[in-house]
Structure formats: structure tokens, C-alpha cells
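User: Could you walk me through this one? I'm new to reading models like this.

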Amino acid sequence: METAIVPRNWIVAEFPTPAGLLEAAQTLREGGLTDIDTHTPYPLHGAEKFLGLKRSRVPLIALIGGIVGGVSGLVMQWWMNGYDWPLNIGNRPPFSAPAAIPITFECTVLFAALSIFFGTLALSGFPRPYHPAFDAEEFRSHSTHGFWLSIALPEGSDAQNASGKVSELGASLVKVVQEQVE
Amino acid sequence: MSDSRFPLPVLGDEKSSASVEPEVVSAPQSEATTVPDHGYHKSYWRSLEQKLNPEKYKSLNAREFPPNYFDVPKGVDRREFIGLLGASMALAGLTACSEKPVEPILAYTKNPEHMVVGDPLHYATAWSLRGVGTGLLVTAREGRPVKVEGNPEHPVNKGSTGAYDQALTISLYDPKRGQHVRRTASATKPGDIVTASWRTLREQLVTQGAEWAKDGGEGLRFLMEPSSSPSGGDLREKVLKRFPKAKFYAHAQLNHDNAIQGAELAFGTALHPSYALEDADVVVALDADLLEPLPENLGATRGWGERRSELSKLNRVYAIESRLSITGASADQRLRLKPSEIEGFARALLAELGGSVAGLNGLSAQPGRTLSDTEQKWVKAIARDLAGKPSRSLVAVGETQPPVVHAIAYAINSALGNVGTTLQLHPVLTHEKYSSVGTWYPELKEDVDAGKVKALVITAWNPVYASPFDLDVAGLIKKVPLSIYLGSHDDETAKVATWYLPAQHTLETWGDTRAVDGTASIIQPLIRPLFDGQSEHDLLSAFLDAPEQTAYDRLRAFWSGKVGLGFDAKWETWLSTGLIDGQTVPAQRPALNARGLSQALATAPAQGSGVELAFVPDYRVFDGRFANVTWLQEMPDPITKLTWDNAAMMSPGMAKKLGVDRESVIAISVNGQTLEAPVLPVPGYADDFIALPVGYGRELFPSGLPLGGVLGNPVNGGTGFNAYALQTSAALGFVSGAQVKAAGKTYDLALTQDHWTMEGREVSFSQTLAEFKKEPAVEESRGPLPTLLAPVVYEGYQWAMGVDTNRCTGCSACVVACVAENNIPVVGKHQIHRFNREMHWMRIDRYFAGDENEPEVINQPMMCQHCEAAPCEYVCPVNATTTSDEGLNEMVYNRCIGTRYCSNNCPYKVRRFNYLHWNGEKPALEQMAMNPDVTVRARGVMEKCTYCVQRIERTRIKARTEGRPIKEGEIVTACQQACPTHAISFGTLSDQNSETLAWHKDERRYDVLHELNTRPRTAYLMRVTNPNPELA
Amino acid sequence: MALFNRWTNTVSRLSVVVLFGTPVVLISLLMLWVRTPYGTKQYREVLQPIQFDHRHHVSDEGIECRYCHTTVDKSPSAGIPSTTVCMSCHAQIWSKSPYLQMVREAYFTDRPIQWRRVHNLPDYVYFNHSIHVNKGVGCVTCHGRVDEMPAVNQVAPLTMGWCVECHRHPEPNLRPLEYITSMTWKPNGDPETVGAELAKKYNVHTRTSCTTCHR
Amino acid sequence: MADPHAATAAMDPLEPVPLIIGQYTDATLTQSLFGHVWAKPTKGWLIMFALSLMGTGILGISVVITLGWGIGTWGNTIPMGWAWGIVNFVWWVGIGHAGTLISAILFLFQQKWRTAINRFAEAMTIFAVMCAGLFPALHTGRPWFDYFLFPYPSDTLLWPQFKSPLTWDVFAVSTYFTVSLLFWYLGLIPDFAALRDASTNKARRLVYGMLSLGWRGSGRHWNDYKSAYLLLAGLATPLVLSVHTIVSFDFAVSLLPGWHTTIFPPYFVAGAVFSGFAMVVTWLVPARQFCGLKHVITLRHLENMNKIIMLTGMLVAYGYMMEHFIAWYSGNVPEWDQFYDRATGNFRAIYWTMMFCNVVLPQVYWFKKARTSIPIMFVVSILVNVGMWSERFVIFVISLHHSFLPSMFKDYVPTLVDVGLLVGTIGMFSMLMLLFLKFFPAIAVSEVKELNHELAHAHVRPEANPRQSGA
């Protein structure tokens, strides 16, 4: 998470259509701007391609979580019933694999789900109530019907000229906001 | 009970008796039930109460009625209550979050001899019912009698007991027992009642005694409980010496008079029969309940059991009876006749035998009616059978049958040479030969009306209630200026007497009694009288002009007088073995008095007409004296499985005819009296016949409590109806010509078994000997079944049980024994009727098979089977029930969270759940009866039979500290110990010569629900009957 | 102007940690607590109505445990000595001492002294002294150096875990019977091996089946 | 930006009824879908809420009685160790199945019609599982020791017994609840954000702002979000099946006639879906009415669900058939008695209710009229749940009442407390549902918008194609 001493400038721009937004995003990215992001009420088809994003890391996290869960669930049952204190339960073997299946499965799912959920939040850096883009009142439409683009300008770059560029790309509204300082 | 000698009583004269006050060094294992309390003092009950709370004491005494259990002396109250609170709190886990209060520990100030704190003490004693004694062995824990068992040394009962004996402890701790001496200003004004003391009464008697002595005690009358106590007899003589004109009567509503009169008819002398069934190959029971575990029957019952185990020794029992008794249920063949028809049958049998058996041919016996074909068939078959077994057969007759029937039986027996072998005839040992109401009432009434009677002393149990409606006993008593009633409860009779004295319980008192064969035993107390109780002897001795003696001194004085030299040594032996030597009287072999008998036979038998009623003893309250004994009230009736009530029992056919069903109420009218009673149809009953168990309908013990235990006190008793209200002095046993009609009402009956047949399932097995020989039904139901589970090897002891359904009579002594041993709570009628929540760890399933009129009855005692592959265990989520290294199915209360899954998955449904805090509701006094070796279960935990694991562990520790293995038969479970027929065996399968192993290998062995492959450790032996092929 | 200020980011993240962290911490603390002497109520001197000093009686006078706790080797309970036992000596010695006023009173009025329980097992546990004492578990093993306690306190946790540990592996806690009441006996050599021999000698086989203690 | 093709595109030649009725822009959708959240609570809502509060009160009382006096205040007996309480438990868990199933499985199958109802169904799942969870916790004899069920290091050294289906239950139900909650919340985040931004009231904005965790619809986030949602759906699907399977093990693993049956898992799951969908319909019908959601929850949605109800109903019927057949075919006496007793014994009324509601009634859905008639589907959906409750009663109570030993054939009558618990949980469930409908986005707004968008461009694909970037 970025905590700069010198507050950075951000440009937020609304586009009339998703297509226009994606187009603009790609052009700007090829123009060398890295910190570009789209803000839309629902996921846009192929947005990742236009933004040049890598494949999500969530599946990997899920896999690890699942494996950890499954193994620990199984080992727990074996250790507690089969090793630490084996008791004669109606002449059944203290630890029997078939009886261990349900809990092993549940543990797998539970751990996987937890890691997916919290993994995703972590990847997105949530919870994060504040973001510079929120400083633009108009930006509020990003979650309901607006298609927005946000650009974090590098140090010392000229906001005016940048915003000019953006409006050229067909933005219906362009604003420059300054990041808050802690 | 491995050692044959039991410790001497620690209770002796006043001085040493201080030491057995039930004060407790609270050993860890006894905390659950006993938490010690502040100071004890010499006399534990009264003076402590006075000391701690004189105000309260005054108010107690001022109260009109005896205090209920909330008012039991503070000592017990707090102690026991906190004990339970503590237990439940600990179980409730509250201790985890709250500081446990620091508990006080109290040591004895002076250690009583023999007492090892934490170890039980066993005292040999005895008690008597209707003057017939049973040898007992009572276990005391820190001075509290907690368990009654039979005295193995006793020649008659040989260690076995009946349900009544087993319930003695709880009747000792009965909160409703009479607690205070009470005097009415005059019987005519029962209103103003003053509490008084035994002392005042005694002084009054001493002073008045002098006057009465002047005219030889003209106005003195004694109405006594039948008693065979030698010292009691001595007292009577002394009283009579002082008051030659005084008169002694005895009263018992259920009595032996008919049998004794029968003997007078047959032999010319009054004799009292007992039976040696171990020698009887053929037994004919004419309306006789030989196997009812009464003191006089325990010997016979054991003998019968011996003949049912080995098929080679199998005897044959014919029951010709009106109701279905446990004898009839256990018989090989039954013929149902109305009570009045029995005589005709007996006469026909006599006539039939007259032909073949010498000695009977002189007698001409007219049946007085034409016998049905079946009856004739039976008469012939039985006659042939009897004649074929001279001196090894027996004809027995029930108490309610008229003397002549008994006489006929005596005649047959003596002709067959059974007298002295299977039929033992003893001189009548009770001081008064007869005790039925007819033998004393007319004479006494005459005297009372003539104003002769100045004082009437009543120690007979509650004659006002237990007497026929046509005799106004209450009025009689009221007419007498001074009437003194000594009784266990402040009951109907107490209400009309001028003085009421609480009677000491047999476990509180010194005395002696004699068994049916004359064997005498000392009755020794295990605890100081809990209340103001006096014994009959105390009362009688007040009529002597002699200085007052303690019961102990009086008893010693009497016996030392009899023995003379070396008394002290003898005395100690008597106390430790529970037997007084040289008191047994030899069985008589009188000659048959043919003339007397034929005179009796000359008069044709009375013919019954219409519906007949029989007034039968109840298997739970007997004649009513056990009405407030909760353990017995909750014990299901052996035949009907009815609890807390009595019912009008009749044949299903008759019920159909009347258009009534179970629980619908009928109105029964006879002799101008009408009684409403709920119907309970029972298979095997004679038609046009109703059996009315006596002893219920005591308004003194009101049923139930608000909410019937849904939210509060679980104990809620039924009351039933009073059958004496239909009884006339003319016909005590049975009466005919009753009018019966449906009353259009219903009444709830709490039965513990609703379905009476096996519904076509192979649950319990029964075959005739022939069938069994051809093809045993049980071969499919035993032995290993294929399984995927790897076998588990058990090393060391392998506890197991055997149950012989062929020996089991269903008498239910074991059920009560289990309740007593394992602190099993009583839940009351409502909980049983509405929720089936009875807590008995052991129940006796009773199945009827075959025709509803000629049913075959199979009893199947059912308790935890201790399965090796237990279905209950693998479903418990918290490991609260497991299999021990010795194969016990363990139940751990403090781990149990009460999911009840185990109970659901138990195919035998032997697990019981504490749905409410039953024990929290237990009256403080009853809590004294708890066994400190067994956890008092709290609300919300599952429980079940443990094979009496507390006994196993105690014995194991004893054996291991002595460095030896546990001996065969050293561990005896409570049920096994009580069983009069030895239908239960317990031991380890690892011991090659253990009886249990033998039973497990028996040809009759089967496992219940064997197909489930639960591998139970409890094996059953199937029922094999021996019917007469001619009658098949 | 944004709905939230920048600082809320840090706060919200912290609050998430707290939200999920607190229960975890609390529960683990509770589990730790029941294992501490506070949880097991160890090492608390219980003051008795009479200032009875085990130090004095055991070490100074050298009175053996079983002189007073007579039933320890034959009964489930060790047995709190009856007042008679006290008086057997104190009728002669210190017969006038004000300390013993209560003892004499108890003896003559026949009203027992109210001692206060130190070792308080749960109600559903059936502990039996005799078997332990007869199989070589010494007094000191569970009760500690009573001879050094002015007022007796509970040294063992008395948790089920503690019982089970020894029942699973009793060897280190065994001693020869002749030293059963000794406060100072130490195995010469490895307690394991010594214990193993004793276990064979006394035929010790401990059980962990539930009904061994719970009935 | 009205799209000329939208209306036509939304039409599916096979499906005359569109998924979204009328033409909407994202803005207007926002307004119409959040309208009920901003609007003042209607009288109807207030009355319903008051009633449900009363129900919850009854629940409170029943719980206090149960804890205060013990399970003895229920009608349970020996042999009916489990009765009314467990019937309620399984019934609620069953209802709790529709939610995750609708959202997860239909999501995997790319069923467009799911979007309108999944949020709603998920909420139902969570509340139903909450109700269900009450019963196992309460019905133990000593609820204050329920923590024995969890594998924690106790100073007694004891552990739970993992061979017991009840232990499996503990894991299954708690996992199910957790995962459903996460799945639901993950779906809610964008809509909370929408509410945060669309609401006017500051307080509302703050609350929704916190709940939305600062979601700003970033392309990067959508990227992770989508795969996370997909994966959760993928996990939830087998989970749903596993949970009721394990619940059915509580009975199938035992040895009681009527319980010991291998067909239980599939047949329980089918039953669960059956009752779950019915419960969704029961709630959707009034909800779409009063929350003005008719345009997104169309007859087509309802009809689809009715189809599923009929299908699962027939699966259940098959289950019954097999049970009876096996009982007869096995020739096992207790087994056969059991099924004979169900149909003819004391409880036959309940058995026949079950048969009517679960087997006969759903057959009306063969007729499109019935499938699309609001009153019919409302009544049927309620009766189906009555039927499913009866089914559980039949399976659990009757099997226990008539097991192995005839001596222990006993009857069962519930107490007021039992009834109070059922009524009470229904009250609590309704209360939570009403609160949800009032304060939460009852429709997955962002998904609907996406759907709307897709439909609009059904055959007008976005013209732009990404050029491969050299960077």
C-alpha cells in the first residue's frame, strides 16, 4: 500500500461506454502510464486484457488452503483417536479411514474457503474505506452506472497535460484529485 | 458375602450406640451423597433438632399431622441436600467457573468398633411379615442402612429375598412415616389433637395397670399383628399372668387361616404348610401362588428354580387358577377356573385318585357340579401323573380357597406320601392361631357393646382400613375409652384411636422372629430410631409392673433365661450368623383324620353364580402396608406391568363382552356396595371373573403434585381404588354374583409395557421339552456371525452374565434390588404414563404367546447386554461410553453431554436418560438410602446397568491388595443376589469352571437379537416347558 | 470530499485483526488458566480450626502417617483421626495447653472437630487409598512434603490428566512398601528401572478404563 | 443510453417470458432495485415484523424453559431419544440448502435466471442454518458441556470420538454455515458499495461504506473477485451435497429399522433441495410484490423453480419407493414392520400427509397453468414444507417408536415447549428475513446489471478488440 510523503496526484475520468473506457485504458497504458485502473459497477468482459493483468493468484491460494485443511483434518483424527488415546469403541478400530472421510472433506472445504475469502481481501488490500478517487464526488457513480478510469500520476508529472490527454480519449468528465496525507 | 461370619453389631446398649450415628467422614467416594454437617450429638435425631432449633422443634410438635419431608430434622436435610447440590453443581460443571466451597470434614469423636470408614458393614438381622420371618443381611454405610439382602446362612431363604424385603430401606426412610406420639382428648372428638410423649403414655399405663390388675384385666384387649417372636410370646405370657382376663387377638386381612383350618379338618391339628419343591416332580397348584416371593415361599421358590435348570431334572407344574399369577405364568400347563369352581375340581381330583391311591378310597367326594370335558380330561391326566409320583408330587392350595379344599389337598398329599417330603407341615408358630377378622371381631364387639372393654391396644397393621366394609372396626375402636394404636403411619386407624404411637421400623428395633420352619433369628437395629418410634414389645412391657428395660436388655434377659450358661458366647454367634440355634421345629407327619374330612366333604360346595370377584394381594403393596413405598409402587406388576395403581383385571373376552377396554372405568356392585375401577384386560383370566388387588385407594397418600413433573417434582403417584370396600367378612377371598357395567369414564394406567406379544419376532424363545429335543429353536441365535471387524482379544477377567428365562418367575425382586443398589430415582406415575421415562436399569419384559385365554408367558429380564460390538458406543460423539479392557460397556456420567444417540441406537433400549433432575427432587430423608459407591446422576446424563461395577471394583481392590485373583462367585450383582430362583449368574468367562461360562455354553443359550451381531456378554437360556402330552 | 479519511484504512484493518483475534486469545488464555495452580487450586494453605502442625508431629515427633490415618491401607479413605487418637497422647502431654482446648472440648462433649478439606476430588471420581498405598505409591507422591507444611496444602493438580499420566506410566512413582510413608525416600538409581522392578514385584498393572475411577 | 436491441435481445424464442421485463439503464436499475431499501417501512412490513418478533419471543421463552428445567420439558421419551427437536433441526438444515445450491450450482451451470434470486436464497440459507443450529445445541442434556464436541486440548486428555456421525455433523454444519456466510458476503460487497454511493443519508452511507470494505469496482479487484467467486461456488456445490449427506448419516449409520438405509444420502439431499426451493418460492412471491422487484423476479424465475420443485419432488418419491421396496424385498421382519407401521400405525396421519404433500402435490406442476399461477405456487410451496416436516417426523420418530423389542414400542406426544420451539424458530427466521429485505440489497444488483448489459449486447458484441501490447 502506498504511503507517500509527497501527496500524489490522481486523475479520475468518466467514460460514456465500457468500450470507450477500455480503449482509453489500453491507449494510456501503451502511453507508458502504469498505475491505471478501471472502476465499473460490474466486471467488464476482457477488462484484464485491456489492463494487461496477470492471471489471478486466488486459485493457488485456494489450493494451498485446501491441502493444508485436508491434511490437518485427517492427521487430527488419526492422532486424537488412533494415537494419543486409542479407546475400544464397540470393538471398532480406534482409527478407521472410512469414518475419517467426512471430517477430512469438511476441513478441506473450510480451510480452502477461508483462504479464498481472506486471500482475496488481502490481494485487494481490503478493508480500505479510503481511496483518493473517492475525493471526486462524481466518482460515486462508479458503483452504480458510471464507467471510470483512474490514473495515479507519477511524481512531478503535469496533471493538466495528463488530464488533457484523457479527455482527448473521449472522457465525458475528467478530474484531478490529490491524495490525502496522514 | 464371601465370609460366613458377619461383624458383630456396633449397636448395643445406649452407651456404645452413640457411635453409629450416621455421621460420616466424607471420604471422596461418598461425597456425592453425603456431605458432613455440623455437630452430632448422642441421640442423633431428636435432641439435635432441639439443640439446633428449639423453636422449630416446638412448632413441629404442635403440628396436627406429622411433618412432611420438608420438616425432617435439619441435620439430614441440609447435609443430604447440599450433598446433592454439590453433586449436581460439580456435574453441571459450574465448579469450573466458581470457587468450590471449602468442605468441612468430620471425624468420629470415638471410633466405633469394626467400622472402617469408607467400607460397608454387613449386619445379619431379620424381619417378619404376618409373623413369618426372613433372614436378612443389611449393608450399612457410615451408620446408614443402604441395602438389604438375604442372609445366605438362613436355611429357608438361603440369601434370596422378595421385592418387599428389598424395599425395606426406603420404607425406613419414608418421609410420610408416623413421627410423633399423638393423643386425642377422646376418640369421640377426634378434632382436638395434642402431641404427647411415649413417657406420658407409659406412666398412664403403669398407673392404670394397677387398677386393671384388680379385676384381672377384665377390660384389656390386645389386637396384635401376627407374630412368632419368642420374646414377644414371653411378654404376652407375662401380661396374661398379670391380667388373666385380658384377651389377645391377631388381625391380618391376608392370612393363613384357611390352610390352618384345612389342616384341622384333615389331621385334627392346626398346622402350617410349606413346600419343598426341589423334591416335587409333579406340582398341582390350586389357585395357589407358590412362587410369590413371600417369606414363607422363598424356600419353595428356590427349590422350584433348581428343578427348572437342567432339562433332565425338569419338573411339571399344573396351575389351576382364576387369575394369572406368577405361578401360573411359570407353570407348564394352566387351566383357568373361577375361584368357586376350584373346589369342585379338587373334589373330582380326590374322587379320581380315590380309585388308584390307597388311603383315599374311603373318601367320597362329590364335585357338586358337572365338570366340563376339559376339566375331566385334566382331572384324569393329573390324577395319573400324581399317582405315578408317590412322595415326589404335591398338591398346593391358595390362601383364599376354603378350608375344605386345603383339607382335600392334605388328604391327597398324605395319601401319596408327600407329607414330610414335598409338603412340610409345621406347628403354627404365631402366638394367635388365627388372624382373620371373623375370628376376633364378633367377640370383641360383644364385649365393647357390653361396655366391658376399658382399653384396646392395637399393633395389627391398620385394621380400620384393612377390614371388610360390613364390619365397623372404626366405630368399635371409637367406643373404647382408651385405644392405643402402634402403627408405621399416622393412618386411618390412628385417626380413630385415642393414642397413636409411631412404630419402630424393623431396621430400628431389637427383637426376634421365627421363619416358617421355626428357625429363629435376632432382629437387630442398624440405626437409632429416626422418630419417636416404639416397638410392640416396648408397648407390651408397659403393662407389666416391672421397671422399664431397654429393648436390648429385655431381649438379652429373655434369651439368657432360655439358654443359661455360656449365653454371651452364643449371643455373639447368633448376632453374627443371624441364626439362633436349636429353634427349628421338626416337620410333622400327622395321620389323616378320615372321619373329620368326610364330614367336611359331605356338605356340597357352594356354587358361584354370575361374575365372581376375587380380592387378591397386590405384588407391590401386599395388603396395603407398602402403599407409600415408592420403590414398590414404581416396580411394574410382574404380570400386567402396571405401576402406581391397581386395576380391575379380567379376561379379554369378558372385557369385550362388557364393551370396555384398557383404562375404561367400570362400576362393580355386590352386596349393595358399588366401586368404580379402571379395567385392565389380562390374558389367561377366567371369564366372568374380576381380580381386584387390595391395598390401594388410601386417601392418606394423595397422588401427585402440580404440573405432574413436567416442570418440577417428578414423583407423582397414582392412588387406585380400595377393593376392601366390596369385601364382606363372610367372603374374604372371593364373592360371586357381582353386577358390572361400564361407567363411561376412563382412568390413566401407567404401564411400562404396552405391547404384550412378540409381534411375530424371535425375541425370546420357548419350546416344550419334546420340541426342544427334536429341534432346538435357538441354534440360529448364538455363536459368531461373519464380520468385517478385526477380533478384539480380551485378557484377564471377562465379565459376563447369564439369565435363565426358564427359572425366572418375573417376581421383580431383582428390579427393586437394582433400584436400591444403584441409586435409581423414582419418577412417578405421570412421567411413566405420559413419557415412558421410568429409570429402571433392569426391567422384565413379559411376553404373551399363543391363545389369549391359554397364553404362554415368557419373562425376559432385560438390562444392559454389555455388547462387545456395542452399537451405543460408536455413535457417542464424546467418548462417554466405551468398552473396558474387561469387556464392560462403561457409561461415564461426567463426560456425557446427553445427546441420547446411544439410547436411540441401542437395539435393547436399556439405556435410561435423566430428563429432569430426579434426584434434586428426592426428599432429603430418602436420600439417606443412597449408596455412596454409586454416582448420583444429575439432570441430562444417560445411565444404564453397569453389571454393578462398583461391586466389581471393590472386590478387585480387595483381592489385589491381598495379592490373589478374584474368586468365582466372589462378585455378586444386586439382581443376582436378590433372585429367589437363582435365574441370574455373573462371573468371568476367563475362568474355565465359572458357572456363567457353563451357562454361556448351555444348550439352551441364545443371544437376544443375535442377528445384529452385537456380541452381548449377557447370554439367555431359553424357556423349556414340560407339559403333559395327554393335555397337549 | 471522501466519505472516509485516510486514517480509517489503518483503523479498519486493525479492527479486523481485533475482531478475529480476541476470541482466539480469550479461549487459549482460559485453557492455560485451568492448567495453572490458580485453576487447580494448588499451593493454598487451608487454615484448620485447630492449629495442627504436621511439621511438628511428623518431623519433630517422628510420628508415622498411619498412626493417625489408620485406614489408609485398608479403605478407600485415609481416615481422619478420631478425637480419641489425639487424646491418646494429649491426655498426658500438653493436657492443659490452650491450643488443644477445642480437642478436649470435642472429646468431652462428643462433638467432632470440623476440619476443612484440602484435597477435594470431584464427586464422580472414586479414589481408593488402599490400592495405591498397597501397590507402592507413597504418601509424598501425591501429598507432597507434608512434614514441611505448617498448614497442609494441595501440591498435586488433581486433574484427570494428572491421574491418567501416572496410570499410563506408573513406574517413576513407585517405591518399596517399607518406605511408603517416608517423606525423604529417593530411588537409588534410575527411577524408571527401580520402578519397573517394583511394578513386577508388586504386580502393578494400572488401568485406564473409565470405570476404574468413574462408577 | 437505451439500447434498441435490449428488449428483443432479452427475449428468448423458447422462453416467452423475459428475465428482465422492460428496458433499463444501469442508473434506473439502481433506483428500482434499491428503492425498497431507501423507502420508509410499509405498514405490511411493520405488521409482519411485529408478528415475527412475537414468534422470536416464544422461542426465547421455550429456550429458557428448556435450559432451566431440562429436556424433560420436551415430549422426548425412552425410546424416543430424538423427536420433535431433531425433526426441526433436519427440516431447517434442509431448507438451508436451496440458497447455496441456487447460487453455487446454477452459477456453475451459467444459469442466467439465477441472478435475480441467488442473493435472496443465500440469505435464507444463512438464517435457516442459524435456526437449525439451535436444536443440536439445545437438545443435549447438558448444553453447557457442548464444547466437549470440539477437539480442544482438555485437561482430561480426552478427545471427541470421530467415528460418531454427530461429530461429523458438528464439522459439516459449522463449515456449511461459515462458507455460506463468506459466499454471501463476498457477493454483497459490490452492492454495499453501490448502496454506499447511491444512498443520500450520511449515516447509511457510513454503515454501507464500512460493510463494503472500500470496494471501488477496480478492474484489478474484479479480476481476483471473479475467480474467487467462481472457486467458492465450486467449493460450495459439493459442500451442499456433503452436508445433508452427513446429516443423513446420523440415521443411516445407526442400526434402527427405518434408519439403517443406504439410500438416505441422495434422498435427503433431494428432499433438502425440494424444501429449500419451496421455501424460496414462499418468500419470493410476497417479496417481489412488496419490494417492487417484479421486473427482475419474473414469472420465468418462479416457473423454473417450480420445475425444480417438481423434479426433486419426484426424486424424493423415488426415495420413498425404494425404502418400501427394500423393506419388503429384504424380508427383514423389523424393517417390514416399520414401514407397515408407518402407513397404518398411530402416526399414519402424518405419513399420509407426507405422501400427499411430497408425492402427489408437486405433480400439479406438469401443467404450465399451475407452474405460472401465483396463488397455486404459493400454497403448494407452503404445503411442500409441511410435507417435508412430516417426512422427517415419519423417519425419526416413527422409526424410534417401533424398533426392535416389542416391549419397547412406545408412543410419543409433543409438549407445548416442543411446539413453541418450532413456532419460535419460524418467527426468528421471518424476523431475520424481513430485516434482510429491509436493509440489504435483496437482489444481486451488480450481477443483474451485468446480465442486463449482456442481454443488451446479446448479438452486438463490443466492437473493440485489445491489441497486443508490446509492453
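This is a predicted model: local features need pLDDT of at least 70, side-chain atom pairs count only at pLDDT 80 or more; totals for chains, interfaces and linings use all residues.

Analyst: Residues are numbered from 1 along each chain as its sequence is written, chains are lettered from A and ligands numbered from 1 in the order in which they are written, and side-chain values use heavy atoms, leaving out hydrogens and water.

User: Is C:Thr211 buried or exposed?

Analyst: C:Thr211 sits in the segment after helix H10 (191–201) of chain C. Buried means under 20% relative accessible area, exposed over 50% and partly exposed in between, using a 1.4 Å probe and protein chains only. C:Thr211 has a relative accessible area of 5%, so it's buried.

User: Which side chain makes a polar contact with the side chain of C:Thr211?

Analyst: A polar contact is a pair of N or O atoms within 3.5 Å; within protein, one must be able to donate a hydrogen and the other to accept it, and residues adjacent in sequence count only if both atoms are side-chain atoms. Contact in general just means heavy atoms within 4.5 Å. Leaving aside neighbours within four places in sequence, C:Thr211 is in contact with B:Ser884, B:Glu890, B:Val949 and B:Glu953. The polar partner, at 2.7 Å, is the side chain of B:Glu890.

User: What is the mean pLDDT of chain D?

Analyst: pLDDT is the predictor's confidence in each residue, from 0 to 100. In chain D, 93% of residues reach 70 or more, and the mean is 87.

Methods: Helices (H or I, at least four residues) and strands (E, at least two) are DSSP runs, numbered from the N terminus.
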